[in-house]
Amino acid sequence: MLGDQLSPDISSLRDASKKDDVILIAEVMEEATYVPHHKKKIAFLFAAMRHFAQELKSAGYTVRYAALDDPLNQGSLRAETARALEDHPSLTQVIATKPGEWRLLQDMELWADILPVPVDLREDTRFIVPLKAFNAWAEGRKQLRMEYFYRDVRRQTGLLMDGDQPEGGQWNYDSENRKRLPKSMTTPQRFLPKPDALTQDVIALVAERFPDNFGDLDPWVFATTRAGAEEARDHFLSEILPGFGDWQDAMARGEPWMWHSLLSVYINCGLLDPLDVCRRAEAEWKAGRAPLNAVEGFIRQIIGWREYVRGIYWLKMPAYAELNTLNAHRPLPDFYWTGETDMRCMAEAIGQTRRHAYAHHIQRLMITGNFALLAGLSPAQVNEWYLLVYADAYEWVELPNTHGMALHADGGLMASKPYAASGNYISRMSDYCESCSYDVKQRTGAKACPFNFLYWDFIDRHQERFKNNPRMAMICKSLDRMQPSERAAIRAEAEKFLDGLRLKTL
Ligand code: FAD
Ligand code: DLZ
Ligand code: SF4
């Protein structure tokens, strides 16, 4: 069982015998280093894996747990599986649920030829839409828009449905979910558990073995047991969900969580079941404890976006990762690692990413993602950054969000227009600009907000591509109306700024 398969009802355990079978869970350097993950991501996952092993043992299974510091640990999942087979000659078969990353699936598909016993690789049934059904949905469609997929999943699950109509008469309440945080509003208290003894041991191990990896181990913010994840879920549903909709897109200084659920880490590694979380959220609405715009918005993220990006990933890999439609090649600037930049919005988003291995959706999309898009940063480098810095990141979910949604590197397969925005958007949705050394109202000049000149420079560079896109035509026309001198000044400002970016010094 892999580190993100910590679910007792997973397909690999479907017919497991407590008497005869051995459940193998292994901490291995290969998985811990294929990208240099955030320290907190490794510590979270190892601690959750160790707790899950205890959970299975308590349920009566025989569990073989390979700790990273076991001197006999062979360093890869394949080699640890081979070692387990040597130590248990009575075992006749390897059974596993397919991994969430294409890279590892390629490897595991070879196991049957390499290992001395047959290998049964089973579908991951923890998702609501099987991949076959997603492929059938996608077949023959010119555009793979999430909204239509989502409506089908609503019908299929019956979530927020009144017969064959959506509850409240609308499928989507996003237009109600774009409020800016009023100054007087305070964000809710979060459920941020303290690490138990087992987790503390893992934190010490990670500190010792991965001292140079990105990110802080302190302060600890994640539960590492199923019971802890369930407590986090229940706290979110009762205390925070009612405000989820209204301020879903808002950002505020020193406020990493806002009204977001912080549940992706638990859902993605199997500690929480996505459909169960949605049914519980629906129950909050039915009981009158949370409004429809909040509950619909939350459920859409899980049964809509989460299922949709997984479908896209497996439909389009491996070619998907190689696409670079906007021909972006600039290396990642140093401040993506240090957070040291005068751009307040970037410093906030990257700073909390370092501290917590977490940033919420709008920060990922409209701050760090938007900057990467406008600055023409290399999709390969940006994808790797997102994959390693967030505790919830596995390629099946990270790549489409980064490559498709944020960078538009897939040429618009996922999003009909690039999520490009100038400083004006950031100023509208946050209080970041108020304490920034740049001026969000200026387009050029020493104090001009970089998001402004980079935005117009981006439109300028890609005008040919976007002018026929109905959702971009207006902005392309605005560029045409600009004085040539203004346009040249923007270009010069952008060039000077981009050329001045410091790269990572190793
Ligand atoms: P909430 O805002 O509370 O949302 C509720 C749940 O909906 C999340 O827990 C998650 O399970 C799901 N969800 C929301 N948006 C998405 C989405 N776009 N795709 C898939 N599931 C979604 N999510 C990841 O789980 N792993 C990633 O590696 C990841 N990388 C991203 C990279 C970029 C550039 C962008 C723009 C988004 C990325 N997301 C990723 C999606 C989203 O930002 C996170 O799921 C969310 O921020 C997690 O925090 P939360 O649990 O508080 O989410
Ligand atoms: C992310 C990760 C890390 C850091 N370490 C391990 C590990 O030691 N053992 C393991 O089984 N899984 C780990 N994982 C999760 C895997 O990388 C994940 O299962 C694959 O990427 C497929 O999603
Ligand atoms: Fe970000 Fe520009 Fe606002 Fe500064 S002024 S916080 S750089 S959007």
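**Close-up views of a predicted model**

**View 1. Helix α16 (residues 361–375) packs with helix α18 (residues 395–406) at an angle of about 60 degrees, and their axes are 10 Å apart.** This arrangement, like the others shown below, belongs to a predicted model. Because angles of 65 to 115 degrees count as roughly perpendicular and those under 35 degrees as roughly parallel, the angle between these helices makes α16 oblique to α18. The crossing in which α16 passes α18 is right-handed. On the α16 side, the contact is made by L365, G369, A372 and L373, while α18 contributes T402, M405 and A406. By residue class, this contact of α16 with α18 comprises 5 nonpolar residues, 2 polar residues and no charged ones.

**View 2. Domain 1 and domain 2 meet through 6 residues of domain 1 and 6 residues of domain 2.**

**View 3. Ligand 2 has 17 residues around it.** Those that come nearest to ligand 2 are L2, G3, E31, P99 and G100. Two helices, α1 (29–33) and α2 (39–58), each provide at least two residues of the shell around ligand 2. How do the residues of this shell divide into nonpolar, polar and charged? The shell around ligand 2 holds 10 nonpolar, 3 polar and 4 charged residues.

Definitions and conventions: Residues numbered from 1 in each chain as written. Chains lettered and ligands numbered in written order. Predicted model: local features only at pLDDT ≥ 70, side-chain atom pairs only at ≥ 80, totals over all residues. Axes fitted to C-alpha atoms, helices over the stretch in contact; angles between N-to-C directions. Helix = DSSP H or I, 4+ residues; strand = E, 2+ residues; numbered from the N terminus. Parallel < 35°, antiparallel > 145°, perpendicular 65-115°, else oblique. Left-handed = near helix turned anticlockwise from the far one by under 90°. Contact = placed C-beta atoms within 7 Å. Nonpolar A, V, L, I, M, F, W, Y, C, P; charged D, E, K, R; others polar. Near = placed C-beta within 6 Å.
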